[in-house]
Amino acid sequence: MAEISIPGVSNKYKTNDYIDALMKKERIPLEREQETLDRYKEQQSAWRGVNQKMSELRESTKALYSFDNPFNNKLATSSNEQAFTADAGRDATFGQIKIDVIKPATGDKFLSAELEKNATVPQGTYTFQVADKTVSFNWKGGKLQDFITSLNRRGNNVIKASTVGVSGNKQALLIESLKTGEESTLVFKDAALDYALANGIIEKSRGDVTEFGTEKSAFANPPQEEVLPAGEQTGMPDMTAEAITIDEGSITVPPRAGFLLSIPEDTVTRDNMRLEFSFSLESVEDITEAVNERLAMRPELPDAGNATYEEIVIQNNPSETKLPPVPTEPLVPITDAADFYVLTDDGTEHTIDTDAFAVDEETNERNISLMLEDYPGITGIVVRNRNTGTAITLSPFSVFEEKKNGGYQPVHAVSTAGDAKIKYEGITITRPTNTIDDVVPHVTLNIHNPTEKTETVTIAADKDAAKNALINFVGTYNQVIAEMNILSTNKPEVISELDYLSSEESEAANERLGMFQGDYSLTQNKAQMQAIIAANYAWAENAPITMLSQIGISTRAAGNGTGYTASQLRGYLEIDEKKLDSALESNLEDIKNIFGYDRDGDLIMDSGIGVALDKQLGSWVSTGGIIANKNRGIAQKITASEANIRRLETQLDRKEAELKAKYGQMEGTLNNLQGQANTISNWVNSGRQQ
């Protein structure tokens, strides 16, 4: 059997070269179609570039006549920026404002006593309160630095802690409120209060506390009870204040004694007032047996008697002396019956649940703390020691404002909570923060430090913002003109004269050069934009500024005196900066009006360069606009071209397969013939040899 040579494997007869030569000719239509597809994609990319630049110009144009246009921006300048700065709103009034800063708003910032470098914080629930914000968390105990990290993580812009190095092996804890103002005092509660007291951060403030109940004359007998509580026994002595004693500030209420103590009126009427006192119980000699003996030995009053005259009997009046009723059974001791009440102005007594308050383990005292506002109409405290063998020992009573850090004061205060205080036009004003935006209309004052004399805030137009916006407008406008010049003409100089382009940008521009040379829509758009820029916008009779050229912006703003250059003829805008600065200084409002003006008073801008240019650009870049339609048409061509490419590739694959099959058969036939020739040759040669 003849050997078969497969094209591309043995290539004995160079059939692959023949096939490649034939296929190269067959691929020409495909290569042309691929070039067409690449051209379509380049055109699509070019239109997208035009769309991007026109959109940027449109945004820049809108910024010059919209509500947020820079011509309405105000600039607030402080004569002493170390003391205060200011920010002006767009509606702020031009002029000067006189300001005296008496003091800035401050927050509480407290230092502890000196602590060891390896100091620890005991476990507990640590609660910190600033105004109406509370930070509370359970701490398992550990290093001070770990406690600070845990507290700061939960600080929520309310409180912050850090350490301050005091010496090589000493440090201090700094705790600060992140809120300013007199009402934003830093209050320590729960374990935080214990830690702050133990480590010299705060101490009890006596100056803010009103004490009462320090003189025996202040104690009156408790009110008579209409209904005796359960456990009371007939024959027990009446409770009075006579036996109460006061020794070195300690109030002792012996068994079966009580009192009414009035609260100072000037504290009851104030807000956020807290009442505090403490008490302890001490066992003393029980009086029950003595009372029983006294009742048993009491005298018997004789009958009053009568007088008789003949048949008339006249009874004597009974004795006015009253003896306590005789109990039917002997009295028994009473324990656990120390009762405390709040008395209100309607005569009602409200029981104080003393068991709800903690007992100090060191002093064995129970500390009572009440907010007066929780008891409307409070007038006094009533105490009844119903016990027969227990005395009550009380501390003096005190009332203080809760907002004053719970009656505590800092030991080492870096700063304390206080309001900012300023004078505006001679009027003293206080605010809780250093950002004050409700004193001067549309102006925000930022307070930093006190002033030594009256300073001023000057409100003026922000001319720099207006100038920058105009420069940005000219720059984006020129970029659009440059792109239209590149796409619509085939002159290399339109690229070389753009000296701001990088080498990569210049190379890319050369690839786009003249791409839409036959598309007159770009040329027409350029002419319309130039007409808009050069037009006269008379927004009012005798308006001093009606054209861009009057403020130093035109195609020949530099004015070299030798006629127009090629660059100027291509429509690029130039800026005469000196002329522009002068116009901004004296005609800012007029410049604003040539970009956008409401002619008919409907609060909609309907005239001006910005309005006209925005409308012109919108017809190109908006949805359904000119560029969108052009890209839609190109997209259809791309789809058709891609379909053609797929069809041609299929045809080429089929053609190549056919050629390979034919040349394979040809090689097989040639190989077969070659084999037959070899056989005949061998037979002839063998015959000759015989």
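1. Ser 283 has Thr 390 as its bridge partner in strand 26. Strands here are DSSP runs (E, at least two residues), as helices are (H or I, at least four), numbered from the N terminus; two strands pair if DSSP finds at least two bridges between them.

2. A word on the source: this is a predicted model, where local features need pLDDT of at least 70 and side-chain atom pairs count only at pLDDT 80 or more, while totals for chains, interfaces and linings use all residues. Residues are numbered from 1 along each chain as its sequence is written, and side-chain values use heavy atoms, with hydrogens and water left out.

3. Strand 19 (residues 273-283) also pairs with strand 27 (residues 397-401), antiparallel, through 4 bridges. With strand 24 (residues 366-371), strand 19 makes 6 bridges, again in the antiparallel sense.

4. Now to an open sheet of 5 strands, in the order 15-18-25-22-23 with antiparallel pairing. Strand 15 (219-220) and strand 23 (349-351) are at the edges with a single partner strand each, so one side of each has no neighbour in the sheet. Strand 22 (residues 338-344) pairs with strand 23 over 3 bridges, in the antiparallel sense, and Leu 343 stands opposite Glu 349 there.

5. Which residues touch the most other members of the largest nonpolar core? They are Met 54, Leu 470, Phe 473, Met 529, Leu 548 and Phe 595, out of 66 residues. Helix 7 (residues 463-488) gives the most to this core, with 12 residues. A nonpolar core is a set of buried Ala, Val, Leu, Ile, Met, Phe, Trp, Tyr and Cys residues joined through side-chain atoms within 4.5 Å; buried means under 20% relative accessible area, exposed over 50%, and partly exposed in between (1.4 Å probe, protein chains only).

6. Leaving aside residues up to four places away in sequence, Met 54 touches Val 480, Met 484, Asn 525, Leu 617, Trp 620, Val 621 and Ile 627 (contact means heavy atoms within 4.5 Å). A second, separate core has 29 residues, among them Val 135, Leu 151, Val 158 and Ile 201.

7. The count comes to 1 cavity of 30 Å³ or more, and the largest cavity has a volume of about 30 Å³. Here a cavity is a set of points, on a 1 Å grid over the protein atoms alone, where a 1.4 Å probe fits but cannot get out, with lining residues having an atom within 4 Å of a point. The lining consists of Tyr 126, Phe 128, Phe 147, Leu 173, Ile 175, Phe 188, Ala 192, Tyr 195 and Ile 201. Strand 7 (124-130), strand 11 (170-177) and helix 4 (191-198) each supply at least two of the lining residues.

8. Finally, some individual residues. Glu 182, in the loop between strand 11 and strand 12 (186-190), has its C-alpha atom 5.2 Å from that of Asp 419, 237 residues apart along the chain. Asp 190, in strand 12, is not a glycine but has a positive phi of about 55°. Its relative accessibility is 45%, so Asp 190 counts as partly exposed.

Conventions. 1 Å grid on protein atoms, 1.4 Å probe; cavity = no way out; pocket = protein on both sides within 12 Å on 5 of 7 lines; lining within 4 Å. Points joined across faces, edges and corners; volume = space filled by probe spheres on them.
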